[in-house]
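Welcome! Let's take a walk through this structure together, one feature at a time.

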Amino acid sequence: WTPGFPTGMAFYNYSGPLDRNQDATVYVGGVDDKVTETILWELFMQAGPIANVHMPKDRVTGSHQGYGFVEFVSEEDADYAIKIMQMIKLYGKPIKVNKASSHTKQTVDLVGANVFVGNLDPEVDEKLLYDTFSAFGVILQPPKIMRDNETGNSKGFAFLNFASFEASDAAIESMNGQFLCNRPISVSYAFKKDSKGERHGTAAERRIAASMPSMGAVLPHQHYADKAPEPPGAPGAVPPGMPGMPP
């Protein structure tokens, strides 16, 4: 998406996070340095009427810090913006759009429905992964493709954080061994950080997730699957030598 230069736009009545309607506000991350509040407003107004736009700025340099908040008039418009704006490229960088809630990171850590995707074709980007795997349920954070620090090229594997084990089980069952960009991908539960070979998807994690308020009770459609997901079972296997430890 290439921003234009609108005229006569309303300006922003932002007075701080305590005055925001959190349920109608989205967090926008991965924002390029050239993006302004006006450009964010112009882009997101395509999803619905906007109440406020705010990009926190460095007090010394005056530059924004790579993220912002867009408050819509209604919660429905905020939800719609998350669906249609996720991973859209703005000045060549895919933006991340999520509900502006403080508990998302905690939910990712507690749920544990963290999936490893390996043997990715170099052409696969975050947008394609998101579009493919969100078919199975809510993804809490944008897909993380591991890339070379110098070239930015994909290392061939990525991680996904689902909001429920129903979604991650369905994704593993349906997508492991399927072709994406003419290459069969491997999909399994990721290894836990600081663990001795233990993967996510354990019975303990499932019990904790079952006791939490549901964030991912969304039935998957089967556009990318050749068979319906089976009941939760053993995690899929990663081919020998494939990385599986999230960053």
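A salt bridge is a side-chain nitrogen of Lys or Arg within 4 Å of a carboxyl oxygen of Asp or Glu. Keep in mind as you look around that this is a predicted model. Counted by that rule, there are eight salt bridges. Side chains of opposite charge can pair when their charged atoms come close.

Begin with Lys34 and Asp32, whose closest N and O atoms are 3.1 Å apart, forming a salt bridge. Lys34 is partly exposed, at 49% relative accessible area, while Asp32 is buried, at 11%.

Next, find Lys99 and Glu75, which meet through their side chains in a salt bridge of 3.7 Å, N to O. This pair links distant parts of the chain, with Lys99 in strand 6 (residues 96-99) and Glu75 in helix 2, 24 residues apart. Lys99 is partly exposed at 24% relative accessibility, and Glu75 is partly exposed as well, with a relative accessible area of 35%.

Now move to Asp169 and Arg206, where the side chains form a salt bridge with an N to O distance of 2.9 Å. Asp169 belongs to helix 5 and Arg206 to helix 6 (residues 203-210), so this pair ties together parts that lie 37 residues apart in sequence. Asp169 is buried, with a relative accessible area of 8%. As for networks, salt bridges with shared partners join Glu75, Asp79 and Lys99 into one.

Asp169 has brought us to helix 5, so let's stay there. How many of the residues of helix 5 are buried? Nine of the eleven residues in this helix (165-175) are, leaving helix 5 mostly covered. Among the buried ones are Phe165, Ile172 and Met175. At the start of the helix, Ser164 has a side-chain oxygen that comes within 3.2 Å of the backbone nitrogen of Ala167. After helix 5 comes Gly177, with a positive phi near 90°.

Two other residues have a positive phi without being glycine. One is Cys181, with a phi of about 55°, in the loop between helix 5 and strand 10 (186-189). Cys181 is partly exposed, at 32% relative accessible area. The other is Met87, with a phi of about 70°. Look for Met87 in the loop between helix 2 (75-85) and strand 4 (89-90). Is Met87 buried or exposed? At 4% relative accessibility, Met87 counts as buried, because buried means under 20% relative accessible area.

Conventions:
Residues are numbered from 1 along each chain as its sequence is written. This is a predicted model: local features need pLDDT of at least 70, side-chain atom pairs count only at pLDDT 80 or more; totals for chains, interfaces and linings use all residues. Side-chain values use heavy atoms; hydrogens and water are left out. Buried means under 20% relative accessible area, exposed over 50%, partly exposed in between (1.4 Å probe, protein chains only). Helices (H or I, at least four residues) and strands (E, at least two) are DSSP runs, numbered from the N terminus. A polar contact is a pair of N or O atoms within 3.5 Å; within protein, one must be able to donate a hydrogen and the other to accept it, and residues adjacent in sequence count only if both atoms are side-chain atoms.
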